[in-house]
Amino acid sequence: MIEESNPAEDSIRHFAAQASAFKSHKKARDAAFKAWRTMRARELEIASRGVPRLDKFNKDAYLVPEGVSFSTYRTSSPLVKTSKLTSKENGGVGKELSDGWVANYATGCTHGCKFCYVDAIHKKFGQKRVGSIVYDDWGDYFAIPSNLDEVIENTKWKRWSGTEVMLSSTHDPYLPQVNKYTRKILEKALPEGVKFCIQTRNPLVERDMELISQYRDQVRLQVSIASMNEDLSRAIEPRVVKPERRLQILEKAREHGLNTGVIIAPVFPELKIRPHVYADIKAIASRLETFRPDHIYGESLHLRGINIAYVEDALGQAVNIDGFDKKAEEWFHKALSCYNLKGIWWKEF
Ligand code: SF4
């Protein structure tokens with residue numbers, strides 16, 4: 001059962017959209033906190049009415065944790081859709097993450113990284129598809145297509161033969177709720193010649209390495225690392241394995257002869273919990289030197305939707321990113337060059 005929209009939800013959507021639209025960091029930050037405070041008030045108001053928050057329908061079957069609002073929706077075939085996460089030469093935003101194609105098959109990501117850019121999309125467009133759960137905190141809502149098996153079956157995978165498709169751009173493809181579907185996609189699409197850029201923070205991908213390694217020319221496996229500082233990682237990625245464990249995924253991938261990549265992102269400015277940014281990037285570079293991934297990218301923290309409110313709440317301090325992108329880019333290249341590594345920096349746009 002999906003709750004009806006209410007004025008608080010309209011305000012959250014409005015402020016979250018404003019936060020994404022403002023070029024001024026101060027205005028974006030103010031709008032983000034207005035949305036965030038409205039979300040807190042909405043929670044209290046719903047609790048005071050005793051409205052059940054969770055849709056229990058088949059929730060257990062989807063391994064959705066307690067406290068996470070859940071819904072289902074229907075998606076359409078083909079599962080592969082266009083994506084702008086590609087190079088500017090191919091008409092994208094400048095990120096080399098696919099040949100312009102992506103497969104997303106969940107709304108929400110239970111990893112709930114505080115800085116994630118995806119919540120902004122769902123707060124703006126998600127209600128029509130999955131209901132008012134999108135006005136909950138990022139990481140605390142999750143929806144999956146009820147017809148996903150059917151759509152995977154009906155997708156004519158051969159159409160993307162020789163083309164790189166990203167798995168995935170709006171959720172981790174190895175969440176416990178979706179990893180069996182990811183396996184099914186790989187089993188169907190790899191024999192048809194489809195190439196994949198798999199982007200994950202979850203070691204569950206290791207269960208598929210034997211399969212993937214049979215198609216090693218078609219797959220690159222990438223993880224993201226924001227910091228080697230475990231306290232910072234725990235604060236901003238509380239439901240994800242430690243950075244070192246993520247790097248071990250890539251070492252295993254290397255042993256299987258797979259193409260690997262690391263996205264050093266998002267790089268945070270100076271913080272009480274981790275004061276020395278350059279030393280942190282250098283610690284990541286030093287670790288990468290031990291297995292030399294095929295691709296290295298970097299990106300600083302950007303404001304998207306209300307992510308700055310989640311981040312500052314988690315860190316207990318204000319985070320100032322004004323002018324930080326340029327400095328972080330310089331440190332990224334300098335740190336990599338210390339270990340004879342090269343990478344591509346994705347500038348704020
Ligand atoms: S794993 Fe990726 S999609 Fe999921 S919350 Fe973290 S950054 Fe967002």
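Entry: I started at V262, which stands opposite I296 in strand 9. I then followed the chain from strand 8 through helix 10 (residues 277-288) to strand 9 and found this β-α-β crossover to be right-handed. Right-handed here says that, with the strands pointing away from the viewer, the path from the first strand over the helix to the second runs clockwise. Helices (H or I, at least four residues) and strands (E, at least two) are DSSP runs, numbered from the N terminus.

**Entry: ground rules.** I noted that this is a predicted model, where local features need pLDDT of at least 70, side-chain atom pairs count only at pLDDT 80 or more, and totals for chains, interfaces and linings use all residues. Residues are numbered from 1 along each chain as its sequence is written.

**Entry: neighbours of strand 8.** How many bridges join strand 8 and strand 9? I found 5, in the parallel sense, with strand 9 covering residues 295-300. Strand 7 (residues 219-225) also pairs with strand 8 in the parallel sense, over 6 bridges; pairing asks for at least two bridges found by DSSP. On that side V223 stands opposite V262.

**Entry: covered or open?** Strand 8 (residues 259-267) is mostly covered, with 8 of its 9 residues buried. A buried residue has 20 or more other C-beta atoms within 10 Å of its own, the C-beta atoms being placed from the backbone. Over the protein chain, buried residues make up 46% of the 349 residues.

**Entry: I264.** Leaving out residues up to four places away in sequence, I listed what I264 touches: I225, I281, I284, I296, G298 and F332. Contact is a matter of C-beta atoms, placed from the backbone, within 7 Å. I264 turned up again in the largest nonpolar core, where A35, V165 and I264 touch the most other members out of 98 residues. Such a core is a set of buried Ala, Val, Leu, Ile, Met, Phe, Trp, Tyr and Cys residues joined through C-beta atoms within 7 Å.

**Entry: stepping back.** I counted 12 helices and 10 strands in the protein chain. Along its principal axes the C-alpha trace spans about 60 × 50 × 35 Å. I also looked up the domain assignment, which gives domain 1 (1-53), domain 2 (54-199) and domain 3 (214-349); the bounds come from an automatic or database assignment. The C-alpha centres of domain 1 and domain 2 lie 24 Å apart.

How values were computed. A residue is buried if 20 or more other C-beta atoms lie within 10 Å of its own, exposed if 12 or fewer, and partly exposed in between; C-beta atoms are placed from the backbone. Two residues are in contact if their C-beta atoms, placed from the backbone, lie within 7 Å.
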